[in-house]
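Subject: Structure handover

Hello,

Here is the structure I promised you. Please open it first, then read my notes beside it.

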There are 2 protein chains.
Amino acid sequence: MKKNVSLKDIAEQVGVSTALVSYVLNNKLKDRINKDVAAKIKQVAEDLNYRPNQIARSLKVQKTFTLGLIVADISNPFSSQIARIIEDEAKNYGYSVIFGSSDESAKKTGDLIKLFLDRQVDGLIVSLPEHTEEQLRYLKKSDVPFVLIDRYYPTIPTNSVSINNYAASQKAVQHLLDNGRKRIGIVAYKTALFHLNERIRGAVDLLAGNASIGMVGIHSINQDVIAAINSFLADPQPVDSIFFTSNLLAISGLKYINSLGIKIPDQLAIVGFDETDAFDLFYAPVSFMKQPLVELGCESLKLLFNSIENRESIASIELEAELVVKSSSIIKK
Amino acid sequence: MKKNVSLKDIAEQVGVSTALVSYVLNNKLKDRINKDVAAKIKQVAEDLNYRPNQIARSLKVQKTFTLGLIVADISNPFSSQIARIIEDEAKNYGYSVIFGSSDESAKKTGDLIKLFLDRQVDGLIVSLPEHTEEQLRYLKKSDVPFVLIDRYYPTIPTNSVSINNYAASQKAVQHLLDNGRKRIGIVAYKTALFHLNERIRGAVDLLAGNASIGMVGIHSINQDVIAAINSFLADPQPVDSIFFTSNLLAISGLKYINSLGIKIPDQLAIVGFDETDAFDLFYAPVSFMKQPLVELGCESLKLLFNSIENRESIASIELEAELVVKSSSIIKK
DNA sequence: AATATAAGTTTAATCGATTAAACTGGCGTT
DNA sequence: AACGCCAGTTTAATCGATTAAACTTATATT
């Protein structure tokens, strides 16, 4: 195996100490160093194709320039788009990202947190599954800067970036009302996650109790979505519109609606949550609440870097989602 | 800032050397160590919640237990699913993954390779953009174990895992022929990438020159797909079926076909490449060539770990894609 | 001439772990 | 009593970089 070139190799070849090589290559003590020696060192470093060992550097300077990212599932487009944005933006700050999927499991989340802390990440961006108060406390105690993204506990103060789910939900429902819909079905997760329950609360508040809600278990999505839609339709006053509070729920629901031969938007208006290619391929392209993914990612990093520089700072940022109207929810002319 | 607990802290508290602590916690020299002392050390380590600093450990043992993963774009479902599988499986081997998106840029790919090498990854899994022979040579010279996934250069021997694109393409086209289609349009990328050209070659060979091909630039997908479809339809003998050689091409094409009001599969049969939710939401769920993603990921890791243990080994693995038939390509009963 | 200052470089400690080699008493053997 | 041996432990080097402090010369100042 070829050995990597180290400071020592350069030092020996030039005939100086490693310290001097380090000073030269890092442009420190600039004005005190002999120009010819500096030039020679740079030349040799170049010739040997020297690349500093970041592990050694990290150990010494106590900084890894690595961030940990925990998402629910990197293969879900919501997560992967966020990951993409964070990876890109972190690179601009000189940071790399290591990542993991929690699979909505509290235990996996805890394991990933420990794994990342062991690797001395400089900070974490985490999307927490439900029932992770313990993991969150561990994280706070660890004293590593971190930011919660998408999901947070309103009663536990932390850095966080999320959207205003309550308002988003109301925008979606109001849009259906504005388009003449009277009976709105809400399909939502049965969950302890605050942000998802805010989506329910927003809709219910606006409809003043006059809402049909279908609850879906995260591990039985297709089955529960079908049951929810069936019950919406079996109602003496069947719904004339459905608001799906997540992208997976919408995809699952639309497949079933397709198979029933129900016409969208004539018989049923649809609004989804989060963007996906699939919405556009539907014969009646699906209206949806669009989350500001770039802002979510960038604001998270801003908070995180703030927190890395100044441990005291804690901030919560709430962004607005935007309604994108396509043909699934409007009255055909 | 709270300092992490180190071996030294434990050693001081117990009143022994750090060496002994290390031996105990790593279960080395088991039979030579006083049981009471060992118990005490373990107890104190537990009490202080000691977690070894992996950076320090990596420096000493010259192994980081980290892999680098370079995909084209982590927000493309093909990449993110692979990333998911690799992350999961690597974790089983005790490895973490750092990742980056090349954006199909040779320069970014080179930058990522350097970044990952600087961080002393133990190995790399790379999906190369076109015109990256130079970056590939650099990688080979670096002597770090790596595996190419999905894409490879047939003339440059490396570890690689890919699918048999030639055969996959023929399966797709043969399926269309079997279902009575006579004029098949192929929509493919204009690219230097070998694996994508294999898809074209497979189709063309089978159709013996009787194929219409629409070439699409990677940076002008929508525009070029539209042009391709227009030309297919303007032909004196218009096509009765289209094979899209990637998921993005299919999505783009289906959107356009939708807008033209063309009926699938009656007027036009469709076969796509790679799975996506979108295919299922289309009113005529789309048939597609399904890549064995789990196998791709797992075989890559197997090759990589082989290569990490034994630098000499080089192997290329070719997997088969499978045709998944839905309603977009079959004759309606 | 004595001393201060500056320029250029090196020494050596350090980050936190690992590990080969050396050490220390106590014990048994002859 | 002298020696070897062994269990149990420590010493010290090492990984590759960073950096405060110390160290040389040479030059300037008084």
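Two strands pair if DSSP finds at least two bridges between them. Helices (H or I, at least four residues) and strands (E, at least two) are DSSP runs, numbered from the N terminus. This is a predicted model, in which local features need pLDDT of at least 70, side-chain atom pairs count only at pLDDT 80 or more, and totals for chains, interfaces and linings use all residues. Residues are numbered from 1 along each chain as its sequence is written, while chains are lettered from A and ligands numbered from 1 in the order in which they are written.

**The sheet in chain B**

Start with strand β10 (residues 287-290) of chain B. β10(B) pairs with β12(B) in the antiparallel sense, over 3 bridges. Lys290(B) has Glu322(B) in β12(B) as its bridge partner. Both strands belong to an open sheet of 6 strands with mixed pairing, and its order is β7-β6-β8-β9-β10-β12 (chain B). At the edges sit β7 (212-216) and β12 (322-324) of chain B, each pairing on one side only. On average, neighbouring strands are turned by 20 degrees against each other, direction ignored. Axes here are lines fitted to C-alpha atoms, for helices over the stretch in contact, and angles run from 0 to 180 degrees between N-to-C directions.

A helix packs on this sheet: α10 (residues 221-234) of chain B. α10(B) touches β6 (184-189), β7 and β8 (241-244) of chain B. The direction of α10(B) makes about 165 degrees with that of β7(B). Contact between two residues means that their C-beta atoms, placed from the backbone, lie within 7 Å.

**Two helix pairs in chain A**

Look at α8 (residues 165-178) and α9 (residues 194-207) of chain A. Their axes come within 7 Å and cross at roughly 45 degrees. Ala, Val, Leu, Ile, Met, Phe, Trp, Tyr, Cys and Pro count as nonpolar, Asp, Glu, Lys and Arg as charged, and the others, Gly among them, as polar.

Next, α2(A) packs with α3 (residues 35-47) of chain A at about 85 degrees, with the axes 10 Å apart. α2(A) and α3(A) are therefore roughly perpendicular to each other. Val21(A), Val24(A) and Leu25(A) in α2(A) meet Ala38(A), Ile41(A), Lys42(A) and Ala45(A) in α3(A). The classes are 6 nonpolar, no polar and 1 charged.

**Where the chains meet**

The contact takes 43 residues from chain B and 44 residues from chain A. On the chain B side, elements giving two or more residues include α5 (77-92), β2 (96-101) and α6 (106-118). That side has 19 nonpolar, 12 polar and 12 charged residues.

Best wishes

Definitions and conventions:
Angles under 35 degrees count as roughly parallel, over 145 as roughly antiparallel, 65 to 115 as roughly perpendicular and the rest as oblique.
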